[in-house]
Amino acid sequence: MSLLKSIAAAAVVSLVSLSALAQDTTVGDLTLSHAWTRATPPKAKAGGGFIEIVNGGSDADRLIAASSDVAAKVELHEMSVTDGVMKMRELENGIEIPAGETVALKPGGLHIMFMGLKESFEEGTNVPVVLTFENAGDVAVELPVAKMGAKSPDGAHMNHSTN
């Protein structure tokens with residue numbers, strides 16, 4: 001096989017692998033998609049995880065826990081701004097996924113919080129996490145790591161302007 005054919009074959013395999021990672025995960029009536037996280041600086045203690053959850057069923061479900069070997073502790077969090085002050089808190093009762101609705105875990109809102117990171121999240125790798133739902137049970141997903149500061153899975157950066 002020529003070098004050019006070998007390179008082309010490797011490129012096809014890479015594209016297939018990336019598209020496999022980007023595929024939705026379905027369990028019961030839930031479809032999980034757009035899973036991702038951001039690269040973290042060396043020695044960072046925390047990182048966030050993001051995913052979209054669609055409940056196509058007629059009964060609500062609840063995301064009640066998350067776990068991963070990459071961190072000492074993983075919690076479900078909400079970030080909000082009240083009177084100009086950013087507040088982050090653990091959602092001890094989890095996150096409701098109403099019937100027929102979509103819930104987006106994204107920067108600046110609901111998210112997965114990895115605390116006590118064992119190593120930094122490196123762009124281009126994947127972070128494994130198990131999400132536990134009240135009805136659907138455990139679902140293992142991989143969060144592709146986007147650029148540091150990204151605000152979306154395609155790696156766009158945060159805009160810190162006041163516009």
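Outside the four places in sequence on either side, Pro107 is in contact (heavy atoms within 4.5 Å) with Trp36, Arg38, Phe50 and Lys151. The model is predicted, with local features requiring pLDDT of at least 70 and side-chain atom pairs counted only at pLDDT 80 or more, whereas totals for chains, interfaces and linings use all residues. Residues are numbered from 1 along each chain as its sequence is written, and side-chain values use heavy atoms, with hydrogens and water left out.

Pro107 lies in the loop between strand E8 (102-105) and strand E9 (110-117); strands are DSSP runs of at least two residues, numbered from the N terminus. The relative accessibility of Pro107 is 21%, so this residue counts as partly exposed (buried is under 20% relative accessible area, exposed over 50%, partly exposed in between, with a 1.4 Å probe and protein chains only). The C-alpha atom of Pro107 is 9.1 Å from that of Ala150, a residue 43 positions away along the chain.

Ser120 is located in the loop between E9 and strand E10 (126-133). Ser120 counts as buried because its relative accessibility is 18%. Residues up to four places away in sequence aside, Ser120 touches Thr40, Pro41 and Pro42.

Met88 belongs to strand E6 (residues 85-90) and is partly exposed, with a relative accessible area of 38%. Together with Val81 and Met86, Met88 makes a nonpolar surface patch of about 300 Å². Accessible areas come from the Shrake-Rupley method with a 1.4 Å probe.

Conventions
Helices (H or I, at least four residues) and strands (E, at least two) are DSSP runs, numbered from the N terminus. Patches are made of residues with over 30% relative accessible area and no salt bridge: like charges are joined within 9 Å, nonpolar side chains (Val, Leu, Ile, Met, Phe, Trp, Tyr) within 5 Å. A salt bridge is a side-chain nitrogen of Lys or Arg within 4 Å of a carboxyl oxygen of Asp or Glu.
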